[in-house]
Amino acid sequence: MTVKPMNGRERVLAALRGEAVDRTPVCNPTSVATVELMDLVDAPFPDANRKPELMARLAATGYTELGFDTIMPVFSIIQESSALGCKMQWEQKDNWPTVRMREPIWVEPDDIKIPTDFLTHPDTKCVLDAIRILKKEYGNDVAIIGKTMGPWTLGYHCFGVEPFLLMSLDDPGKTKLCLDRMTKATVDFGVAQIEAGADALTLPDHATGDLVSGDYYKRFLRDLHIELVERLPVPLILHICGRTLDRMEYIAQTGMAAFHYDSKNEPAEAMDIVKERIALVGNINNPETLFAKGPEEVRQEVYRNLDAGVPLVGPECAIPLQTSIENLKEIPRAVKDWHRDHSTPN
Amino acid sequence: MASINDISNEFVRNEIDEYIKEPDEREGLIATYAAISSRMQSIGAALVDGQNKTVDALTVEALADGVPALEIMDDGLIAAMRIVGIKFRENFIYVPEVLSCARAMKAGMAHIEPILSASGIKPLAKVVMGTVKGDLHDIGKNLCIMMLRGTGFEVIDLGVDTSADEFLAAVEEHEARLMGMSALLTTTMPNMAVTIEAFIDEGIRDDVKIMVGGAPVSQEFADDMGADGYGKDAMECVALAKRLVKEDAAQEG
Ligand code: B12
Ligand SMILES: [Zn+2]
C-alpha cells in the first residue's frame, strides 16, 4: 500500500496515531537549538528563552534550516519552574539556562502552591506567545510541539534532587501527594499550550534508569502518566533520557502516543518491548555522534532506528549547543535515502 | 582463606553472597568481614540497609563501651560503604538508596569525626571536588564525594557551577593536593581544560593532582586536557584518588 505524499504536520500526527505515513517523520521533541542556528537568525540564548519573537524564530530553524517535520520552541526544561518561583541561572549564549536546585523552594507537600500568575508569568507566557506565532506562520505545514514538564522533574527543581529522592524512600505516600499536587502545573501549562495551538506535547519526566529503578517508575509514575493522557487532549510524547529498557513495558502501558528514548537503549530491543503500543522517537546519540562525529556516523544511527522499525527518528535529547548544522541536516537526508532504498517498486 | 560462612552477621553474609559477584571484590569483602567483630558487622548491616537512626544509636553505644573511633569508622562504616558502591555500580540499587546509605554513614561519622580530629588522626587526604562552570549536574559528583568520604578522605565540596578561580582559591586555602572536576554537558566539558590552564598560569599545576569524570568525559579527553586521571564511576573515583595520593607521596619523596 502506498500513502499519498504528506506534509510534515500530517506525517508527524499520523505517526503519533500509529497510522501509515509516506515516510518516517524526523523530529526532536526536546530541543534543536544550536549556537550556529542562533547566529544564523540572530536569536541567541538567553534571550531566545525569554522573548517570544526570538524563541519562535530560533525554533522555526528546525523546519526551515534543518528540514525536520516538527517545530519545538522550548529549548530548556525550566520555563515553568521559573514561574513557580525557583531561583534561576539564565546563562549565556553557549549554555542552557538552569534552576538552582541547591536552593529548593519547597520542603513539604503543603508548600506546593501554583501561583495565580503561573500562566501569565513572563517565562511561561513567552512559550505560549511563541506557539501562537509559530502556529500562524507554519501551523499548516509542520507539527508545532509544546512542552510541559512532568511532576517528577518539577520535584527535582522545586525540592532539590537529593531531598526529593530521599523523600521517595522515607515516605512514598508523601512523595505521591507531592506528585499529585505538582501535576496541576503540568496540566495547566499543557492545556494553555494546546489552546495556543500546540499539535502535540512533549512531557519530560526524568525517572531514568541512571537515577531510579524501573519499579519506581511503575510505583510512582505509571498511573499518573495514564491520568495525564486523559487530561491533556493531544498526543503526548513522554521524554526520559538515560537507560529506560527496564521500564519501557510500563511506559508502553500509559497510553501516551510516543516515547522519546535515549541512545543508551538499543532500538531493536526497545521495539521488541513496546511493539505497537507506543511510538518510539529517537535515538541518535548526542555527545558522541551528533556533537563529535560526522554525517556518516549520524546516517548509520538513523538507519539503525529505521531498520528496527522505529516510527519517528531524531536526536535522543536536547542536542548539544555546539552541534554542527551539517550533522543535523543529515538526519532527514538519511531518512529519505533509506525510504528510497526500501520502497517496493510498483 | 576465609569463607562466606565465617561472617557471623546474616544480613551482611546475604548481601555479599547475593550482590558481590566479581571474584576479587568478593574475596576481599569476605576476608574483611570475616575479621570484623559482630558488633561492627551490625553497624555495617544497618548502613547497607540505609538505617541512619540505627547506625547513629549503635555508634554511640559502641563508643560508650570503649570501642576505638577508628575501628568503628574502618570496620563499621567504611567496609559497608564498599558494598553499597558495588551494588550501585551493578544496578542492584539506585541513587535514592545510595543517598540513604550515605545519610546513615554521615550519622555515624558525626560521632566519630570530632574524636578523630581531637586525637590528631589525619584523613587519608584532602580532596577538593566540584562541578565545572555552567554545569548544574551534581548527582554523580555527590555520589563520588560520598564514596570518597566513605573511604576516609576529607572532601571540600564546592558544589556546582564552579569557576576556575573558585577551584584555585579552594585548593590554596585548604592546601589540598588532590582535586576532582565533574561535567555532564559537552558544552561545559571544555571548562575542565580552562581550569587546568588556570592552575598552570598560577604556577601551581604541579602541586595538585587533578582527576576528572562525568558521563561525556573519557580517558582520551582526560589525557588531551592534561588531567592526571579519569574515573568512570564512583568506585573508580575512589581507586583513582588513592592511586594519585600514592603517586603524589612518591614524587614528594
Ligand atoms: C538527571 C539529569 C538531569 C537533571 C540534573 C539534576 C542534578 N542535580 O544533577 C536535570 C533534569 C535537572 C537535568 C538538566 C539538564 N540536562 Co540533564 N541529564 C540528566 C541525566 C538523565 C542523568 C545524569 C545523572 O545524574 N546520572 C547519574 C549519575 C550517577 O551518573 P554520572 O553523573 O555520570 O556520574 C557518575 C560518573 O560519571 C562518575 N563521575 C561523575 N563525576 C565525576 C568526577 C570525577 C572526578 C570522577 C573520577 C568520576 C565522576 O561517577 C558518577 C557515579 O558513578 C542525563 C542522561 C544520561 N544519560 O546521562 C542527562 C544529560 C546529562 N542532560 C542533558 C541535558 C541536555 C540537560 C539540560 C541542558 C536540559 C535542557 N534542555 O535544559 C539541562 C542542563 C542544565 C545545566 N546547565 O547543567 C544531556 C547532556 C548532553 C550533552 N552531553 O551535552 C544528557 C546527557 C541527556 C542526553 N542524553 O542528551 N539533567
Ligand atoms: Zn533528556
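A donor is an N, O or S atom within 2.8 Å of the metal, the limit being 3.2 Å for Na, K and Ca. The exercises below apply to a predicted model.

**Exercise 1.** Identify the only protein donor of the cobalt atom of ligand 1, and state where its residue is found.

*Solution.* The NE2 atom of B:His137, at 2.4 Å, is the only protein donor. Step 2: Locate the residue in the chain. B:His137 lies in the loop between strand S1 (126–131) and helix H7 (139–149) of chain B. Step 3: Consider the other metal. The zinc ion (ligand 2) is 5.9 Å from the cobalt atom.

**Exercise 2.** Determine which strands pair with strand S4 of chain B, and how they run.

*Solution.* Step 1: Strand S3 (residues 178–182) of chain B is joined to S4(B) by five bridges, and the two run parallel. Here B:Met179 stands opposite B:Ile210. Step 2: Strand S5 (residues 229–230) of chain B also runs parallel to S4(B), through two bridges. In this pair B:Met211 faces B:Gly229. Step 3: Follow the connections. Helix H9 (residues 190–201) forms a right-handed β-α-β unit with S3(B) and S4(B), and helix H10 (residues 219–225) forms one with S4(B) and S5(B).

**Exercise 3.** Explain why strand S4 of chain B is described as largely enclosed.

*Solution.* Step 1: In a regular strand, side chains alternate between the two faces of the sheet. Step 2: B:Lys209, B:Met211 and B:Gly213 point one way, B:Ile210 and B:Val212 the other, and all are buried. Step 3: Because five of the five residues of S4(B) are buried, the strand is largely enclosed by the rest of the structure.

Terms used: Residues numbered from 1 in each chain as written. Chains lettered and ligands numbered in written order. Predicted model: local features only at pLDDT ≥ 70, side-chain atom pairs only at ≥ 80, totals over all residues. Heavy atoms only, no water. Buried < 20%, exposed > 50% of the residue type's maximum accessible area, 1.4 Å probe, protein only. Helix = DSSP H or I, 4+ residues; strand = E, 2+ residues; numbered from the N terminus. Pairing = 2+ DSSP bridges. Right-handed = clockwise from strand over helix to strand, strands pointing away.
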